[in-house]
Amino acid sequence: MVSPNDPSSLPLRICKPESLDKYFELLDGKFSVKGFPLLSEVPSNVVFSPFLSIYKSSDAPLPLLQRVQALSHKGGFLGFHKEAPSDRLMNSIGKFTGREFLSIFRFKTWWSTMWMGSSGSDLQMETQWVLLNVPEIRSYVIIIPVIDGRFRSAFHPGTDGHVMICAESGSTKVTASSFDAIAYVHVSENPYNIMKEAFSALRVHLNTFKLLEEKTVPSLVDKFGWCTWDAFYLAVEPAGIWHGVNDFVEGGVSPRFLIIDDGWQSINTDDENPNEDAKNLVLGGTQMTARLHRLDECDKFRKYKGGSMLGPNPTSFDPKKPKMLILKAIEIEHAENDRDKAIQSRVTDLSPFETKIQKLKQELDVIFGGEEKSVSSGSSGSRSCKAESYGMKAFTRDLRTKFKGLDDIYVWHALCGAWGGVRPDSTNLNSKIISCKLSPGLDGTMADLAVVKIVEGGIGLVHPDQAGDFYDSMHSYLADVGITGVKVDVIHSLEYVSEDYGGRVELAKGYYKGLSDSLSKNFKGSGLISSMQQCNDFFFLGTKQISMGRDPNGDPMGVYWLQGVHMIHCAYNSMWIGQIIKPDWDMFQSDHLCAKFHAGSRAICGGPVYVSDSVGGHDFELLKKLVYPDGTIPKCQDFALPTRDCLFRNPLFDKKTILKIWNFNKYGGVIGAFNCQGAGWDPKEQRIKGYSECYKPLSVSVHVTDIEWDQKKEAAQMSEADEFIVYLNQAEGLLLVSPESDAVQITIQPSTFEIFSFVPIKKLGGTSIRFAPVGLANMFNSCGTVQEVEYFDSEAETCVKIEVKGGGSFLSYSNASPKKGFLNGAEAAFEWLDNGKLSLNLPWTESAGGVSNVAFLF
């Protein structure tokens, strides 16, 4: 019997059924919203159905169901019907021209980014959603391709303004001809509300994913961490990790989490001894045809001896070694490319090329240290004592013994195990090498080494019936050896191998269920960062449990002109993925040319801050503007989003638009303005390229109303203030503004930024005193350092008490000088200037968790 309190047993009821047809209408080939044409030339085989006519039941919480119910008249579904069934069907849903749109499309298998235009023909292949500006009714309409049965869908550009929808199963054995709900349409007057409302409706309709609000995020979300990838690539090893963590601690910013990225697993290629690890792997790419041959750590981690780093003479590590390995590996890669070109040119004598390659490989082996041959899978190697004294378990135990603040240690793995999956007959799992088949929709995406390599080697796919056993076997072992979470990468590879497994939707369901069950059992339900996952299959099918994921694709360690692309990916993708998982703006390197540019965005992105610094390669002065000494961060309360005036603009190469992102702190709002111009997507060349003519200084206007105060209840109260103080973090300036004031105008150089903290002014002492706590001026997110504020206002005296976390210069605005200032109960000196700038130096007191109690008496 179904419980009477089971949400799925409660029918959605509309109070005013007559309102259903007032928003959308499909009639005589025109699809209209509130009477205004949105799409024309809609084919006769396209149908529109109101939300409630398609909805059946849902496991969503009752408050969410009620919220969707109240807005159900604002949305509905598009479908189409054809005569002949197929595994891949294309159909126009109509055309539009002369209407601004913002969209997200897949430019690689794994990654999405923004695109804008004014016609259906301007859309890019594999578009995940399109937001239309409808100023005629002061509203926005979003159209989202979705899952319908065993098919997923995406938009493609058509001719003459048409929008084509592609429905595909991923298997020639799975066909259909009719879809009632292949795309969802929703209207709202607010471009931020529309994302919440639309994805809430889809969550209720599909029942295959959960919203972020329903889940717990990983504990590392408000902390500082270190990822090993760019420090070592595949040459990661225990001594390097140890010295890397120690670098940060000695530099005054203690990591609270560590991600051991690719390079720790037991992998080899099909032509190697099935019981031995591949040797001397360095660069990403060399491992992409390799497969797991066992589920625990590789030889270099298995041989770690417990306590070896804790004594007075820990194993030394040359910080130059990783870079030497990388440079030598690049030489080998170039030599192999030269050989391959010679083969293509039909050169008959390849011996000079082979001789050079072998010589370089010998030199690489010398740099590695001429390590012993890998321990075979059936051997315990150098382990002569208990297993607990060696390997990953001993290593994680030693790390936590030495570095007390290290809360989390994550490791990397691909969704299918390794890049090439699991090697057949190497484990007790039923694994089979499956040839990869790319969807035609990916023809319009950017060339990608990872795709080339995976197609070259195929994937050793564990049968989906064993997905649960696969993940639990690996994760239960990892949890036992001290690993608290995983970074799951290469997620969107399942679509390549779905032919014999019921198609991409069914295969994904099997794998994501196994992953979710293991996450719940082994990593407290939230210890997972998803990566290379930006496609609607994942978000609609894989996120019942997963609550965090990498937002970008970019190269934060690459050439300077690409750095703005990374931020655009993050900001615009957050609009949709932020409804489902916590956006993670990814790592950067603190000694990179554009490190400060990245640091400014991470300060207000609302997610974790982590870097991938090389050992010895740090800018601690920069990091201390982001991170407290205890490894926590002054995090914003939500995820950052583009401001309304950026939604239908191109902040990458239109020569005029500065990216502005907004967020909230407890006692104020924040806007970051970033000059990202200089690179972006080229539809003709199907790649991201430089636009050097756009890399120049630009002016930008910033206003208090750029912050969407109504998106958070507490923030809405702040927006009612008559006046605000604005602190410009980089310019170190204070400005007094009101909602009626003109916008603040500044010029921003390429690859630089400004952060504007808007703090409401409190009127005290009748109305004679006006006060606003800004926060620590030495931190990028100044306002985020303010923990609590209390005002005491009486005829006798006026007092402000503030809790501030962090050390440095605490800044406030006060139109009058206080009579006295206090720090932790003792009278303290302060500085007050005629422009209202009130400052007081704060210490970092470890015993108090870095929190200072400040008071001003007026």
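**Overall picture**

Guide: The protein has 17 helices and 45 strands, where helices (H or I, at least four residues) and strands (E, at least two) are DSSP runs numbered from the N terminus. This is a predicted model, in which local features need pLDDT of at least 70, side-chain atom pairs count only at pLDDT 80 or more, and totals for chains, interfaces and linings use all residues. Residues are numbered from 1 along each chain as its sequence is written, and side-chain values use heavy atoms, with hydrogens and water left out.

Visitor: How much of the protein counts as buried?

Guide: 60% of the 858 residues. Buried means under 20% relative accessible area, exposed over 50%, and partly exposed in between (1.4 Å probe, protein chains only).

Visitor: And what does the C-alpha trace span?

Guide: About 90 × 80 × 65 Å along the principal axes of the protein.

**Backbone**

Visitor: Where is aspartate 586 found?

Guide: In the loop between strand S24 (582-584) and helix H15 (595-604). Aspartate 586 counts as buried because its relative accessibility is 4%.

Visitor: What about glutamate 732: what is its phi near?

Guide: 55 degrees, again a positive value in a residue other than glycine. Glutamate 732 lies in the loop between strand S32 (724-728) and strand S33 (733-737).

Visitor: Is glutamate 732 buried or exposed?

Guide: Exposed, because its relative accessible area is 54%.
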